[in-house]
Amino acid sequence: MARVYNFSAGPAVLPLEALQEAQADLVDYKGSGMSVMEMSHRGKEYDALHNEAIANLKDLMGLSDDYSILFIQGGASFQFAMIPMNFLGEGQTADYVNAGSWGAAAIKQARLIGNVNIAADCQKDIPTRMPTASELKWTPGAAYSHITTNETISGAQLKEIPETGSPLIADMSSDILSRPLDYGKFAMIYAGAQKNLGPSGVAVVAIRKDFAAKGSISIPTMMRYQTHIDENSLYNTPPCFSIYMICLTTRWLKRVGLQNMFKQNRDKAQLIYDAIDASKFFRGTAKKEDRSDMNVTFRLPTEELEALFIKQASEHGMKQLKGHRSVGGIRASIYNAFPVAGVNVLV
Ligand code: PMP
């Protein structure tokens, strides 16, 4: 078997165990005579997988029954629109932190719906970074506040979750379940699945039920969080296979343990950052205290050398190291399922 070291930012490497289990069950899922892609989303086999994925996510995040876990199509980008459509009413203000391209993308959508206050803006700063606690200006009585915990493109990660005074919503697409956090501190967490959770095609949403209940009732049914809560994410046909893979990935993560995963993630990132810091040739692009454990971004002295680095890394089995097309450079994405062995080869 020829598995490469896959540094993709997403869709990204998945746990080999989960892929192999899916492979073994692909054509005939547990004696049902069909694959998960071919069975009713209202049948007992799929139902068990759907509910186990929900239970695993809730358990890993340590969330109480005050929260619902939802599977919604349209990726994290659809959440950028769905959040203000539900929660940003007329005469209200929502606070947004603009610390990178994804925060900016969320802001762009919110502005189409209502009034946005930028609580802090460091999107264009070099080195890339997250705002400090003293920079953040929250609006008293805001409808909600929105943060991006890990800016996938810039490689900056929020290490301390701020106190905002209004319902806190986090885009955790690229670092969900990479570390233990007080997940119960958030009114809502969302993540495109294709980095730490499974394949693309679905966003995982954890939402406090009392917050969801405040959502607008004058928007289309599919766009209301309340609909997906009431229907257990089965209002319409869900992306069954993606949710099945989330079930297998979260099973694997429960076996590893979130604390162990976090330690491994930090150790992996540190190995690369240490190598960068020990060299005069490589230059990290994020401010040291905000460096991401998930997306390690760095530059070489010239773009020609970067292209050569990517080519030669590829020849040595290290794939998808190219930085995001908007910024260039090198990006080593080392999500939960990325093996330590691959980090050692890169170093
Ligand atoms: N937010 C963050 C932090 C991301 O990294 C991404 C995707 N790379 C998105 C949002 C957009 O996700 P999607 O492609 O699922 O819409």
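Me: Where is P127 placed?
Reply: In this predicted model, P127 sits in the loop between β4 and β5.

Me: And what is the peptide bond from I126 to P127, cis or trans?
Reply: The bond from I126 to P127 is cis, with omega near -5°. Most peptide bonds are trans.

Me: Which other peptide bond is cis?
Reply: The bond from G10 to P11 is cis as well, with omega near -5°. P11 belongs to the loop between β1 (5-6) and α1 (16-24).

Me: Staying with the backbone, what is the phi of K30?
Reply: K30 has a positive phi of about 45° although it is not a glycine. Most residues other than glycine have a negative phi. K30 is located in the loop between α1 and α2.

Me: Is K30 buried or exposed?
Reply: K30 is exposed, at a relative accessible area of 53%.

Me: What about N232, what is the phi there?
Reply: N232 also shows a positive phi, about 50°, and is not a glycine. Its place is the loop between α6 (225-230) and α7 (240-256). With 29% relative accessibility, N232 counts as partly exposed.

Me: Now the sheets. In what order do the seven strands run?
Reply: The order is β2-β10-β9-β8-β5-β3-β4, in an open sheet with mixed pairing. β2 (67-72) and β4 (115-121) stand at the edges with a single partner strand each, so one side of each is left without a neighbour in the sheet. On average, neighbouring strands of this sheet are turned by 20° against each other, direction ignored.

Me: How many bridges join β2 and β10, and in which sense?
Reply: β2 and β10 (residues 203-208) pair over six bridges in the antiparallel sense. Within that pair, L70 stands opposite V205 in β10.

Me: Which strands does helix α2 lie across?
Reply: Helix α2 (residues 44-61) lies across β2, β9 (188-192) and β10, and runs at about 125° to β2. Helix α3 (residues 75-87) packs on the sheet too, touching β2, β3 (93-98), β5 (144-148), β8 (168-171), β9 and β10. The direction of α3 makes about 155° with that of β9.

Me: What is the order in the sheet of three strands?
Reply: That open sheet runs β11-β12-β14, with antiparallel pairing. Its edge strands are β11 (283-284) and β14, each pairing on one side only.

Me: How many bridges are there between β12 and β14?
Reply: Four bridges connect β12 (residues 295-299) and β14 in the antiparallel sense. T297 stands opposite R331 in β14, and V296 has A332 as its bridge partner.

Me: Which way do the side chains of β14 point?
Reply: In β14 (residues 330-333), I330 and A332 point one way, R331 and S333 the other way, and all are buried. In a regular strand the side chains alternate between the two faces of the sheet.

Me: Which helix lies across this sheet?
Reply: Helix α8 (residues 258-277) lies across β11, β12 and β14, running at about 15° to β12.

Me: Last topic, cysteines. How many disulfides are there?
Reply: The count comes to zero disulfides. For C247, the nearest cysteine sulfur is that of C240, 12 Å away, whereas a disulfide requires sulfur atoms within 2.5 Å.

Me: Is C247 buried or exposed?
Reply: C247 is buried, at 0% relative accessibility. C122 is buried too, with a relative accessible area of 1%.

Definitions and conventions: Residues are numbered from 1 along each chain as its sequence is written. This is a predicted model: local features need pLDDT of at least 70, side-chain atom pairs count only at pLDDT 80 or more; totals for chains, interfaces and linings use all residues. Side-chain values use heavy atoms; hydrogens and water are left out. Two strands pair if DSSP finds at least two bridges between them. Helices (H or I, at least four residues) and strands (E, at least two) are DSSP runs, numbered from the N terminus. Axes are lines fitted to C-alpha atoms, for helices over the stretch in contact, and angles run from 0 to 180 degrees between N-to-C directions. Contact means heavy atoms within 4.5 Å. Buried means under 20% relative accessible area, exposed over 50%, partly exposed in between (1.4 Å probe, protein chains only).
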